[in-house]
Amino acid sequence: MTSAPLAARLSEVAGPLFFPVTAYGPDGTVDLDVFRAHVRAGIDAGAAAVFACCGTGEFHALTREEFRLVVTAAVEETAGQVPVVAGAGYGTALAVQYARTAEEAGADGLLVLPPYLVVASQDGLLNHYAALAAATGLEMIVYQRDNAVFTPETAVALARTPGIIGLKDGHGDLDLMQRIVSAVRTQLPGDAFLYFNGLPTAELTCLAYRGIGVTLYSSAVFAFAPDIALAFHRALASGDDALVNGLLDHFYRPLAELRAEGHGYAVSLVKAGVRLQGLDVGVVRTPLTEPPAAHVKDLIEIIASGRALLAERASEGGQGPGERA
């Protein structure tokens, strides 16, 4: 953990936000050595932050001791180069335990997942996140999705809560997000509340979210094709519409369509992609299942298509995937 506030470190990032998968060995136990290699590869490739044990990292499948070990490994491997944000979730009591464990492990902040199963009122949700924010000294990003969707009034109350620095949107209602951004801006002028596009394959909706001022986004693709994710991130930031649209058309849209072919593919397809790059991170834990061979073959072809586009751009004298903007 570093002394710089997480909000300041995330307000302007120069690379994608990295959500590593959690590695398992052949016996199904957590493989910390492989996980460290995965994290190190992401940092070396240009990750701006490491979000450990979140959705892609199978937070739901980890015991608290495994969670502690994985977050500790991420903190040690990053060595302060980039911030480490850990997942936290379930009901309030368990979420507090995970939050405190993350703090003890040296994490810089928390990504708070929706409460387990229950559908709560807006007051109940606000009480849940406020209690969690008061339980540790870590800054929190609240994940809006599924059973945790907020009105603009609740979003303002969250932004006013000490310790809560941002909202990650996995719900995908742009009208609601515009009203949330507007409400926070008018009720808390000058407040540096952060917003993240947290939809699966978030790159597919980056242009739409940028239209309402949301420029930060999570990149599952960075876990298995960092060259493609980084090239897209730089093209988006520099206004290279041709490369952005080319990658959307020939990589991200086909990937999103493949992801829609199976339940849990937002995790298992990513993990298959990491294995395809030569790092054996194991398979997903139940109740998730692995994609069949036909879908893995499709993934291979989609990755090849994205890289072919980057190679073509490089041969034409454009910015290659390894060049710094």
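I am working with a predicted model, in which local features need pLDDT of at least 70, side-chain atom pairs count only at pLDDT 80 or more, and totals for chains, interfaces and linings use all residues. Residues are numbered from 1 along each chain as its sequence is written, and side-chain values use heavy atoms, with hydrogens and water left out.

**Helix α5.** I looked up α5, residues 122-135 (helices are DSSP runs of H or I, at least four residues; strands are runs of E, at least two; both numbered from the N terminus). Its 14 residues reach 20 Å from first C-alpha to last, close to the 20 Å expected (1.5 Å times one less than the number of residues). I found Leu125, His128, Tyr129, Leu132, Ala133 and Ala135 buried (under 20% relative accessible area; exposed is over 50%, partly exposed in between; 1.4 Å probe, protein chains only). They cover an arc of only 165 degrees around the axis, so they lie on the same side of α5 (the arc is that of the directions from the helix axis to the C-beta atoms). The face turned away carries the exposed Asp123, Asn127 and Ala134.

**Helix α9.** Gly239 follows α9 and has a positive phi, near 80 degrees.

**Gly282.** I placed Gly282 in the loop between α11 (265-276) and α12 (293-315). Gly282 is buried, at 10% relative accessible area. Not counting residues up to four places away in sequence, Gly282 touches Tyr24, Lys271 and Arg275 (contact means heavy atoms within 4.5 Å). Gly282 and Tyr24 are 258 residues apart in sequence, yet 4.9 Å apart in space, C-alpha to C-alpha.
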